[in-house]
Amino acid sequence: MQTRREIYRSIKDVPHEEMLAAGTGLCGGCGGLLALRLFSKAVGEPCIFVNAAGCMTLLATFPFSPFHASWLYTSMASAPAGAQGIRDALDVLIDKGRLSEAENLKVVVVTGDGAANGIGLQSTLAAIHRGLDFYYFCYDNEAFANTGFQMSPASPLGSRTSTSPAGTKTHKQDVFELWRAQRPAFVATVSPAYPLDLMDKVARAGRVKGPKMFVSLAACPPGWGIEPADSVEVAKLAVDSGVWPLKEVRDAKVIHTVVPHEFRRVEEYLQTQTRYRHLFEPQRQETTLAQLQDEVDRYWASASGGCE
Amino acid sequence: MSRDLLTGNAAAAWGARLAEVDYIPAYPITPQTEIIESLAQWVNSENLKARLVTMDSEHSMLTAAGAAAATGARVFTATSSQGLLYAIEMLYTVAGWRVPLVLVNVSRALAAPITLEPDHNDVLAARDSGWLQFHAETCQEVLDSVLMAYRLAEHSDVLLPAIVNLDGFYLSFTREPVEIPEVEAVREFLPAYRPEHARFSASHAMAQGVAVLGSSAYAFFKYQMQRAAEAALDLHDHVASEFCAQFGRCYGAVEAYRLDDADFVIVMVNSFSTVGKAAVDRLRIAGNKIGLLRLRLVRPFPQQEIAWLLNGRRAVAVIDQNVSIGKGGILFCEVASALAGSSPPPLLSYVGGLGGRRFHDEDFDLIMQALRAAEHEGARPEPHLLYSAAEYEKMRELLRVAHGSDPKAGT
């Protein structure tokens, strides 16, 4: 079951024009890159990408950039502050007549979950608080993937990272809810496995002024232990098992935009990835597996709203 | 032109107002806050057509400042002490973006222990970041230096950001008579910022701040910054002479006070130089041929001029209001390096004024005696830490209080 999409109804509606050229140095099957590619098409030009330290920082390496649009790498902690400076400078220069309105840009922050949930959370919440008119795109590969897949606040319970070799003991931080508490103009989760849902949300967000917050699950083949070719299938299974709910906020209510007709078992999703192998071998860790299924079940049991 | 009694902070704010800045990202910290309060009022009353945004930290403030400058706006910001250090990652980053904004730092000593009054460990922590550094002695010089800093920073051969430094409390809250130039005259000296190298707009896509892989590219860009700072040193005299012609106030990269016939020299920076000059006057009445060299441009460092002014003296003492723990005075090292390769006079190193500690006549008397002795005994690079017997007695009392009834404490 899916909510009615307004702009991207069919895959044919997806523009052929690429804002992000192929041939970057990123890993094969990078879910974050696929999501960003779809995201950038939906945002459209003219825009500027403001980057926080992470995997995507390696997209623009001197003297190349895969973007048709502008790019500014800032730091790990402060990409939203960079977006603030650019937005304000454009506004002031246009107000003063030093730049024509036709030269205006949409400002898009590109950040990973490590920055978004920790070192960059303060500057992100502050940008929402100020009502900054910008897009915020977080690719959530559930770890500090660029440095070799260390545990981040977004690493799920039980998932193995290089700094939680026995499995992460903490729960995944809910950045969607952290953002939502501040009532940004638009807030949604997305997945590259559901491109029309992703793009429709971005396009509808473009109608409103203010902070437009997106977090996309981003399958990470080397970190998750999957084949690059399976990246989209694994991302789809995350949604279809209920692990990664696709949702947005409308009129202060959380609306689920894709609800599986029949939920797949969480185990099915976990078994696709070597980061969860220790839950199945050498012995099944029944308690953890049951807890992970139970948490997903309880989430959906209490989920209000649902599809229109 | 008008004349008013302004604090150092108000003079800094006037500098930004007269530079007709477009954008001011801000974050409060003592003793700087009066600057952003003044600017906020002027923005509100439309005496200054700019946008002022309060950020969530100095780190974010510097990021916004650099990003706005990279978009093409003239940007001003201000901070102090812990704030400057909190932003230090972005000081390096923004300098690497080659964007010419101006930051006023109101010096305040660094924690721990946390305190309010000034020394220069804060601004000198930014010494190697790629920012030009002007160190001001008076309120007038603060205003003038902000204007000169924009002019120099925005020069196409420089394109580095600049810090104007003043001492917290001693200058930030001291009112002095300040000539406030007419904005038309300032526009002649400092035309509107028209960036060609770094700007973002729909018809002008740019990638800025991109990663480099490989040390050759990294070294190339860092060497470019070094060359730009060297160019700034040459250009400073040109900018200063134009400023002098326009406004009648003339500044060098350094200031020579009663140096012409001086056998002995003390080297100081910022507002405490005023105290040093008074000491020079007093010591001269007592028959000592002493003068003072005030460092104004600390980055780029005017080493040739310093060497020219100091070589041939009988002895030189550098008084640092900072301490590089484990070495001593930072500016002593800088001055000593400027004299390397020549036959330098005996050099003495003094550390004082930490946390705003005042200098007393006996400090300068002690330095004078040491300078005379050094003429015969030679250099003494170990830092001498200025502290009086009376202060030590007072401190022992405080330690006894801190330790409660323990009679052995504080000894």
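**Entry 1: the two chains**

I began with chain A, where I counted 10 helices and 8 strands, taking helices (H or I, at least four residues) and strands (E, at least two) as DSSP runs numbered from the N terminus. This is a predicted model, in which local features need pLDDT of at least 70 and side-chain atom pairs count only at pLDDT 80 or more, while totals for chains, interfaces and linings use all residues. Residues are numbered from 1 along each chain as its sequence is written, chains are lettered from A and ligands numbered from 1 in the order in which they are written, and side-chain values use heavy atoms, with hydrogens and water left out.

Chain A has 308 residues and a radius of 19 Å, which agrees with the value near 19 Å for a compact globule. Its C-alpha trace spans about 70 × 45 × 35 Å along the principal axes.

For chain B I noted 14 helices and 16 strands. With 411 residues, chain B has a radius of gyration of 22 Å, in agreement with the value near 22 Å for a compact globule. The C-alpha atoms of chain B fill a box of roughly 70 × 55 × 55 Å along the principal axes.

**Entry 2: where the chains touch**

Of the area that chain A buries against chain B, F62(A), L72(A) and R98(A) supply 17%, more than any other three residues.

**Entry 3: polar and charged pairs**

Between chain A and chain B I counted 17 residue pairs in polar contact, both residues at pLDDT 80 or more. A polar contact is a pair of N or O atoms within 3.5 Å; within protein, one must be able to donate a hydrogen and the other to accept it, and residues adjacent in sequence count only if both atoms are side-chain atoms.

In one salt bridge, the side chains of D22(B) and R98(A) meet at 2.8 Å, N to O. I also found R51(B) in a salt bridge with D88(A), the closest N and O atoms being 2.6 Å apart. This pair crosses between chains, from strand β3 (residues 51–54) of chain B to helix α2 of chain A.

**Entry 4: strands that pair across the chains**

I saw that 2 bridges join β2(A) to strand β9 (residues 207–208) of chain B, and that these strands run parallel; two strands pair if DSSP finds at least two bridges between them. The bridge partner of W71(A) in β9(B) is A207(B).

**Entry 5: backbone details in chain A**

I looked up a cis peptide bond that joins F62(A) and P63(A), with omega about 5°, and placed P63(A) in the loop between β1 (47–51) and β2 of chain A. Another cis peptide bond joins E281(A) and P282(A), with omega about -5°.

Key:
Buried area is the accessible area (1.4 Å probe) that two parts lose on being put together, summed over both. A salt bridge is a side-chain nitrogen of Lys or Arg within 4 Å of a carboxyl oxygen of Asp or Glu. The radius of gyration is taken over C-alpha atoms; the globule rule is 2.2 Å times the number of residues to the power 0.38.
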